[in-house]
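Have the model open alongside as you read.

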Amino acid sequence: MAEDIKAKLEKYRTAPFDSRFPNQNQTRNCWSNYVDYYRCQKALDAKGLDTQPCEWYKRVYKSLCPISWVNIRNKWDEQREDGTFAGKI
């Protein structure tokens with residue numbers, strides 16, 4: 001399975017179509033992948049496993065989200081650290 005994930009990451013160009021978000025506005029898709037990335041990190045860290053599979057979500061949200069939302073120190077990261085982020089991670 002790890003080989004499949006590595007192969008997908010190597011071939012990755014941009015976010016694939018997600019049928020949960022069929023409309024042109026991809027804001028919710030961006031947010032969902034951001035939350036999924038940190039959920040994945042948290043779950044795999046708790047189990048003591050490698051977090052490499054989580055990179056898929058990070059690459060997708062960085063591809064979909066505007067740069068001002070996902071730069072190095074963004075508002076969502078600050079909210080997560082402060083415990084005020086709207087999503088459950």
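## A cysteine tie

In this predicted model, C30 pairs with C65 in a disulfide, with 1.7 Å between their sulfur atoms; the term covers a pair of cysteine sulfur atoms within 2.5 Å. The link between C30 and C65 is right-handed, with 110 degrees about the S-S bond. Since C30 sits in helix α2 and C65 in the loop between α3 and α4 (67–70), the pair ties together parts that are 35 residues apart in sequence. The structure has 2 disulfides.

Helices here are DSSP runs (H or I, at least four residues), and strands (E) need at least two, with numbering from the N terminus.

Residues are numbered from 1 along each chain as its sequence is written. As this is a predicted model, local features need pLDDT of at least 70 and side-chain atom pairs count only at pLDDT 80 or more, while totals for chains, interfaces and linings use all residues, and side-chain values use heavy atoms, leaving out hydrogens and water.

The protein's mean pLDDT (the predictor's confidence in each residue, from 0 to 100) is 83, and 85% of its residues reach 70 or more. Confidence is highest in helix α2 (residues 27–47), at a mean of 92, and lowest in helix α1 (residues 2–11), at 68. Where pLDDT is low, the predicted coordinates should not be read in detail.

## α2 against α3

The axes of α2 and helix α3 (residues 55–64) come within 8 Å and cross at roughly 155 degrees. That makes the two helices, α2 and α3, roughly antiparallel, a label for angles over 145 degrees; under 35 is roughly parallel, 65 to 115 roughly perpendicular and the rest oblique.

By class, the contact of α2 with α3 has 9 nonpolar, 3 polar and 3 charged residues.

## α2 against α5

α2 also packs with helix α5 (residues 75–82), at an angle of about 45 degrees and with axes 12 Å apart. That makes α2 oblique to α5.

Here C30, W31, Y34 and Y38 in α2 meet W76, D77 and R80 in α5.

Methods:
Axes are lines fitted to C-alpha atoms, for helices over the stretch in contact, and angles run from 0 to 180 degrees between N-to-C directions. Ala, Val, Leu, Ile, Met, Phe, Trp, Tyr, Cys and Pro count as nonpolar, Asp, Glu, Lys and Arg as charged, and the others, Gly among them, as polar. Contact means heavy atoms within 4.5 Å.
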